[in-house]
Amino acid sequence: MESERTMRETSNLAELREGILKRIVPDGTERDEVKAFCLRTERALTERLRDAGLRAVAEVHGSVARGTWLSGERDVDIFIVLDNRYDREVFPRVLDVVKEYVGEGWTEAYAEHPYIRAQVDGFNVEFVPCFLFDSQQGLKSATDRTPLHTGFVREHLPMEAHDQVRLLKKFMKGVNVYGAEVKVGGFSGYLCELLIIQYGSLEAVLEGASTWSRGEVVDLVGGVDVRTLRKRFKEPLIVVDPVDPGRNVASAVSDTAMWTFTAAARAFLGKPRENFFYPEEAHVDIHDLLERIRGHSLSLLFVVVEDWQVDVPDVLWGQLYKAEKVLADHLGRADFHVFRSAVWSDEASRHILVFEFESATLPAIVKRMGPPIEMAENSEQFIKAHLGEETTITGPWIEGDRWWVGIRRPETSARGLVASMLRDGGRDIGISRRLSEKMRDGLGVLMDEEVGDYLDTDFAGFLDRFLKGRPGWLE
Ligand code: CTP
Ligand code: MG
């Protein structure tokens, strides 16, 4: 009986895997098209660079170069590998050549590093300058490692494991942990490749992840003691970069992403289902959603920011998460304890911060602790500060060994407090400069169903999931 059941489960899993592979592995036509585009671009751009007098070569890297991209994702990463005798001052010249090559419709973005994003022949291309790695000189910029990553993966990832990387990426996307970008704080494409090199297959990675512990070390290199690594890297997951032992490839992986992956891996192995890879998209009826907001047991507060000049996603999400944190901290200190919070953005013109409270209004009085009576001088000061003052509602009185007083609560509603903190943009509470400028101009602080006007976008789906409050794969 037992073995029959196990066999049936294994075959279910194989069937499920085949079905998913059909959708995520590019067919011959797609491969040919992508390959032709890459060759054409590498050749033409390298020539342009040479014509401009630059010692540089255009090379495709990332998942397209490593044969691990998901079918239909038309993202190509093109690196402009510069002679390492140049330094960063050459970047503007390089980017000018790219802009001229692309013609229309490019955007220039700065994260840690400048790059150009453009649509070329129906592909979304990122053109990223870097320096040819030289072991004597070491890294000149963060992106210099990428060609080394491509080299390592090409050498160590067997042909038949490429599709296992694709399955792992798709699984991670489905459970919302794929991507090292600030928004997600999850697993990069390169990290997926390394995990498959180490474990061998999707199932083996999931089995491994289901018993991970804090400070887990996935060791491809070998030879370094776990305790030393944990001292060097403080992140919850440690995967030493085989091309650079000083770096943790999993440094972006947050606690939430790592443990979400672990929990999802266990759930999937217990009961393999397609919705781990393809989460069901619930149809959200706006009237129904508004009813649920009205009937929700907790109060909701929304901070809506209209943006007219949105920053690159990594910078933007950094600002938004910081704003979420400082607001939650300040609210908590004023006794408005935040139950949960989250951030939504269309990354184009609107951001919405969501805070949930047990109570969004508090009584007009707050109890403040004074000094122990034993401390004569402090006691006298306390009495002088509060006795008969306009802000004193009751007391001061003695309770046990101390003075206490009941004073008027400066702000009785969470909305009022948020509005006053953000009135001048909230620089003083730690809102980033760029975001605070936008808050000063176009800010809405709304409660509960007042958010109704904003439910015409993808925000409705986000709020639906927030109210449900559990991962889509959990059953
Ligand atoms: N990269 C970078 N700067 C960018 C874009 C990419 O340095 N502006 C580097 C990343 O560090 C990575 C490689 O380029 O080494 C590819 O990045 P990315 O496209 O995010 O990952 P892929 O491995 O290509 O995975 P995916 O299939 O998701 O595209
Ligand atoms: Mg890519």
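**View 1. Arg402 and the residues around it.** Setting aside neighbours within four places in sequence, Arg402 is in contact (heavy atoms within 4.5 Å) with Met369, Gly370, Pro371, Pro372, Ile373 and Trp397. Arg402 sits in strand 15, residues 402-408; strands are DSSP runs of E with at least two residues, helices are runs of H or I with at least four, and both are numbered from the N terminus. Is Arg402 buried, partly exposed or exposed? With a relative accessible area of 23%, Arg402 counts as partly exposed, since buried means under 20%, exposed over 50%, and partly exposed in between (1.4 Å probe, protein chains only). Glu374 is 28 residues from Arg402 along the chain, and their C-alpha atoms are 8.2 Å apart.

This is a predicted model, where local features need pLDDT of at least 70 and side-chain atom pairs pLDDT 80 or more, while totals for chains, interfaces and linings use all residues. Residues are numbered from 1 along each chain as written, chains are lettered from A and ligands numbered from 1 in written order, and side-chain values use heavy atoms, without hydrogens and water.

**View 2. Glu281 in its loop.** Look for Glu281 between helix 10 (255-270) and helix 11 (286-295). Its relative accessibility is 78%, so Glu281 counts as exposed.

**View 3. The whole protein, for orientation.** The protein has 16 helices and 16 strands. Its C-alpha atoms fill a box of roughly 80 × 70 × 55 Å along the principal axes. Of its 475 residues, 47% count as buried. Among contacts between residues at least 6 apart in sequence, 67% join residues at least 24 apart.
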